Amino acid sequence: MQTKWVDLTEKKKQLWLSSWKPNGCWAKGGWLKPPYAMFFEASCNIHDWSYEYGKNESDRKEADEGLLKYMKQDVKKIECTIKRIYYYSWCYLYYFALRIRGKSAFYRNKQK
């Protein structure tokens, strides 16, 4: 079973963020970058953690579903309804792109 981000202490989270630089909301050389990616940075960092330490396809699916959940929580903070709709669409677009194209990133550097 993989260690979950929510189970880490704040100290361990900060240590990981300072020692291993997550790539935020885009893969190196990726073609899909949500607008205002910094808005989703914390959610994407949690997803990067899950991809780094996940072990199998179940972990990958859980990581992708977690990103969708956290991104939607980020969007709930937006007051303007039109902007919320716009950003919700990005949440789902990003989720589906990860489900389709994220497998190689998940399994990179893992022993099979």
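From the N terminus on, the elements run α-α-α-α-α. That is five helices and zero strands (DSSP runs numbered from the N terminus: helices are H or I with at least four residues, strands E with at least two). The model is predicted, so local features need pLDDT of at least 70 and side-chain atom pairs 80 or more, while totals for chains, interfaces and linings use all residues. Residues are numbered from 1 along each chain as its sequence is written, and side-chain values use heavy atoms, without hydrogens or water.

**Stop one: H3 and H4.** Select residues 57-76, helix H3, and residues 81-101, helix H4. Their axes (lines fitted to C-alpha atoms over the stretch in contact, with angles from 0 to 180 degrees between N-to-C directions) come within 9 Å and cross at roughly 170 degrees. That makes H3 roughly antiparallel to H4 (an angle over 145 degrees). Now show the residues in contact (heavy atoms within 4.5 Å). H3 brings, among them, Glu57, Leu67 and Met71; H4 brings residues including Arg84, Cys91 and Tyr94.

**Stop two: the core.** Which residues have the most contacts inside the largest nonpolar core? Select Phe40, Leu67, Met71, Val75, Cys91 and Tyr94. The core has 16 residues (buried Ala, Val, Leu, Ile, Met, Phe, Trp, Tyr and Cys joined through side-chain atoms within 4.5 Å; buried means under 20% relative accessible area with a 1.4 Å probe, protein chains only). Helix H2 (41-53), H3 and H4 each supply at least two of its residues.

**Stop three: Leu67.** Leaving aside residues up to four places away in sequence, Leu67 touches Ser43, Cys44, His47, Tyr94 and Leu98.

**Zoom out.** Buried residues make up 39% of the 112 residues.

Note on methods: Buried means under 20% relative accessible area, exposed over 50%, partly exposed in between (1.4 Å probe, protein chains only). Angles under 35 degrees count as roughly parallel, over 145 as roughly antiparallel, 65 to 115 as roughly perpendicular and the rest as oblique.
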